[in-house]
Amino acid sequence: MTDTTDRYTFDEDDVVVTHEKSYAAGVPAVLVSLRRGVEQMGPVRTARTLMKLNQREGFDCPGCAWPETPGHRKHAEFCENGAKAVAEEATTRTVGPEFFAEHSVADLLGRTEFWLGQQGRLTHPMVLLPGATHYEPIGWDAAFAMIAGELRALGSPHEAVFYTSGRTSNEAAFVYQLMIRAFGTNNLPDCSNMCHESSGSALVETIGIGKGSVSVPDIENADLILIAGQNPGTNHPRMLSTLEKAKANGAKVIAINPLPEAGLLRFKDPQKVHGVVGDGVQIADEFLQIRIGGDQALFQGLGRLLLEAEDAAPGTVLDRDFIDRHTAGFEECAAHLRQVDLGTVVDATGLSLDQIRATADALISSKKTIICWAMGLTQQTHGVATIQDAVNLLLLQGMIGKPGAGVCPVRGHSNVQGDRTMGIWEKMPESFLAALDAEFGIRSPREHGLDAVDSIRAMRDGKASVFVGMGGNFVSATPDTDTTEAALRGCALTVQVSTKLNRSHLVTGRTALILPSLGRTDKDVQSGKKQQVSVEDSMSMVHLSRGSLTPASDQLRSEVAIVCGIAQALFGPGHSVPWTEFTADYDRIRDSIARVIPGFEDFNRKVRRPDGFGLPHPPRDERRFVTGTGKANFTVNELSWLPVPEGRLILQTMRSHDQYNTTIYGLDDRYRGVKGGRRVLFISTQDLESFGYAAGDRVDLVSEWTTRDGTVQERRADDFRLVPYPTPVGNVAAYYPETNPLIPLDHVAVKSNTPVSKAITIRLERRP
């Protein structure tokens with residue numbers, strides 16, 4: 001049984017605040033990676049595991065989805081946070097039946113997310129029966145029968161919700177959505193709903209496909225790279241190596257972000273001499289410290305300046321041939337952009353007009369431009385419009401379907417993009433559903449299902465009573481924590497397929513199941529044969545992942561085996577889907593994928609190539625745009641931004657450097673100078689003074705949300721330490737999930753329904 005002392009508790013009184021770092025990685029990153037690995041796995045297991053991470057005959061990183069440079073893998077092809085992710089999964093600590101006998105659910109609810117995650121790998125299927133205080137063991141067949149019984153007892157399949165985390169493999173995601181659609185619903189919320197749904201919504205409408213159009217070589221050979229609303233130093237550290245190569249090839253990088261991020265200031269690659277004893281490489285040539293939510297205004301202002309430059313020197317700025325041949329809506333968009341008021345742009349962005357003009361000049365000079373973004377853009381009310389205005393900029397200069405140019409939404413979780421490709425979406429098109437039905441002799445429902453926010457609403461309102469989570473930590477990943485927890489507690493059954501303990505196992509329906517699964521690092525043997533799974537990175541490359549570690553328990557099952565086991569119990573013998581064969585041999589699953597999903601033809605052969613294969617991308621490959629107009633679409637979007645109300649602040653939630661999504665690796669944010677705690681609020685010195693506070697003061701955060709009927713709702717998150725930090729005046733930042741209770745469930749992006757976690761109006765209340 002694992003060590004269950006208070007080693008992983010903490011007191012915010014012990015927080016130490018130093019200074020933010022001016023660079024990312026370097027020797028400290030190596031030392032931290034090794035220390036965390038040895039603590040969790042021991043030295044031999046650490047070396048064995050890290051050397052297989054992101055290697056051709058190894059396993060794909062369970063962290064971010066940033067790809068390797070094709071054909072140029074390093075011996076150590078991982079970053080600090082990738083090493084932390086592996087250490088968390090490959091830990092030798094375990095959580096078995098004895099642990100649950102010792103700890104009641106009430107006891108565990110009082111523990112921090114960090115403490116829960118540090119206890120180790122789940123080893124046995126467990127059940128919490130109605131009225132029970134402790135989880136107890138249950139057999140796999142009994143667990144599957146319990147799930148099947150609850151599902152069959154529903155008045156409608158639409159009363160069940162099936163969530164998916166982005167770490168699920170292609171094969172598991174495919175059989176999961178297949179089971180759900182064979183059951184009769186499209187209620188398939190996933191983590192994309194809360195992160196990059198705005199990207200997909202914007203890109204499908206403008207270029208016809210919701211994926212980025214660039215490759216790693218494109219970035220390495222770009223002239224200009226705009227990086228907006230993204231922190232690669234913490235969230236996608238391997239991207240820094242790609243940017244370093246781009247800089248060596250002459251690229252200019254402009255960082256657009258409310259906070260100065262260490263990784264965009266300077267990168268010290270610990271695998272190179274200048275990253276160990278030298279100063280590393282300056283990444284950003286310019287840092288535009290934009291106000292929260294001001295990116296759309298910047299993009300529209302830049303659009304106006306490009307048009308004015310074209311007017312002054314016709315034929316030198318815009319790519320008229322591309323516009324005329326490949327786009328629709330240019331005249332309407334241009335007319336709108338010409339009316340943009342640059343004074344409003346300055347107010348909305350907090351930038352000077354000189355900075356904005358200099359950025360426009362960089363665009364004009366560039367022959368190959370890429371715009372990268374992440375959740376700083378997507379998690380805004382106007383997130384879809386912001387991304388569409390970024391696309392407008394690229395279309396003006398013909399930067400789609402051109403080497404070294406294009407759109408680059410930087411996805412987070414490994415295989416989050418692949419899960420969507422496999423059908424994990426509540427609104428899959430008719431072509432996919434028809435092909436699925438033809439392959440398996442089922443009848444998929446056509447009615448659109450529930451996304452993450454609507455699933456919470458359905459459970460809250462009593463319209464859904466079974467929740468199944470395929471990985472992830474739904475409670476801590478979603479907004480409006482009190483509402484979400486109450487919604488789950490109203491369910492008849494909650495099921496979590498997991499590798500590690502988290503809060504979602506403790507916020508339960510009347511009955512709850514924990515089904516422990518294999519992870520990426522684990523050897524997966526079915527019917528005496530070692531299996532391989534596949535993943536898709538954020539640039540549409542598909543490759544194999546092969547775990548090699550002995551599983552923590554002989555009770556662990558693969559996600560594929562768990563899904564197929566549920567399906568067999570649900571549908572009974574003789575079902576048209578060969579669930580038993582799918583469990584025994586994942587090649588059978590890939591054969592079906594090849595017949596259902598375009599681009600996966602001859603899947604089993606292509607995925608065994610050394611670096612896998614790339615999926616087709618019509619805009620990138622052919623300058624072909626599968627939209628309603630048959631062309632890339634310029635869009636016209638009303639300019640939206642969020643002024644700071646008097647006496648209030650605008651909060652953005654974010655990760656610490658010791659965190660990936662909801663997984664807390666430790667209590668240090670080395671790059672921002674915080675050690676030993678997480679309940680901190682980063683605030684400008686000017687706001688500290690104007691509000692009458694001092695560094696280190698403790699405050700409660702109160703969010704204010706005006707409903708459609710004009711009612712002001714308040715939500716609270718108590719006891720945060722104020723940390724002076726170079727943020728724009730009126731803008732503050734704090735970590736999630738600690739601040740998730742402040743985000744109203746209805747505070748969502750237009751069109752995408754993504755929670756707006758990057759723009760929350762709050763006030764501060766001094767602690768008594």
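## Cavities

A cavity is a set of grid points where a 1.4 Å probe fits but cannot get out, and its lining residues have an atom within 4 Å of a point. The model searched here is predicted. Across the whole structure, 3 cavities of 30 Å³ or more turn up.

The second largest cavity has a volume of about 50 Å³. Its lining consists of Cys-61, Gly-63, Cys-64, Cys-79, Asn-81, Gly-82, Ala-85, Asn-235, Pro-237, Tyr-660 and Tyr-665. Helix H3 (residues 80–89) supplies the largest share of that lining, with 3 residues. By class, the lining splits into 7 nonpolar and 4 polar residues, with no charged ones.

## The largest pocket

The largest pocket has a volume of about 1,000 Å³. It is lined by 34 residues. Closest to the pocket centre are Gly-208, Ile-209, Gly-210, Lys-211 and Pro-429.

Sorted by class, the pocket lining holds 17 nonpolar, 10 polar and 7 charged residues.

## Packing around helix H8

Helix H8 spans residues 170–183. Two of its packing partners are described here: H29 and H27.

Take helix H29 (residues 586–596) to begin with. H8 and H29 pack at an angle of about 70°, and their axes are 10 Å apart. Angles of 65 to 115 degrees count as roughly perpendicular, so H8 is roughly perpendicular to H29. The crossing of H8 past H29 is left-handed.

Now take helix H27 (residues 559–571). The axes of H8 and H27 come within 8 Å and cross at roughly 15°. Angles under 35 degrees count as roughly parallel, so H8 is roughly parallel to H27. H8 and H27 also make a left-handed crossing.

Two loop residues deserve a look. One is Pro-737, which sits in the loop between strand E33 (731–735) and strand E34 (760–766).

Definitions and conventions. Residues are numbered from 1 along each chain as its sequence is written. This is a predicted model: local features need pLDDT of at least 70, side-chain atom pairs count only at pLDDT 80 or more; totals for chains, interfaces and linings use all residues. Side-chain values use heavy atoms; hydrogens and water are left out. On a 1 Å grid over the protein atoms alone, a cavity is a set of points where a 1.4 Å probe fits but cannot get out, and a pocket is an open set with protein on both sides within 12 Å along at least five of seven lines; lining residues have an atom within 4 Å of a point. Grid points are joined across faces, edges and corners, and a volume is the space filled by probe spheres set on the points. Ala, Val, Leu, Ile, Met, Phe, Trp, Tyr, Cys and Pro count as nonpolar, Asp, Glu, Lys and Arg as charged, and the others, Gly among them, as polar. Axes are lines fitted to C-alpha atoms, for helices over the stretch in contact, and angles run from 0 to 180 degrees between N-to-C directions. Helices (H or I, at least four residues) and strands (E, at least two) are DSSP runs, numbered from the N terminus. Angles under 35 degrees count as roughly parallel, over 145 as roughly antiparallel, 65 to 115 as roughly perpendicular and the rest as oblique. A crossing is left-handed if the near helix is turned anticlockwise from the far one by less than a right angle, and right-handed if clockwise.
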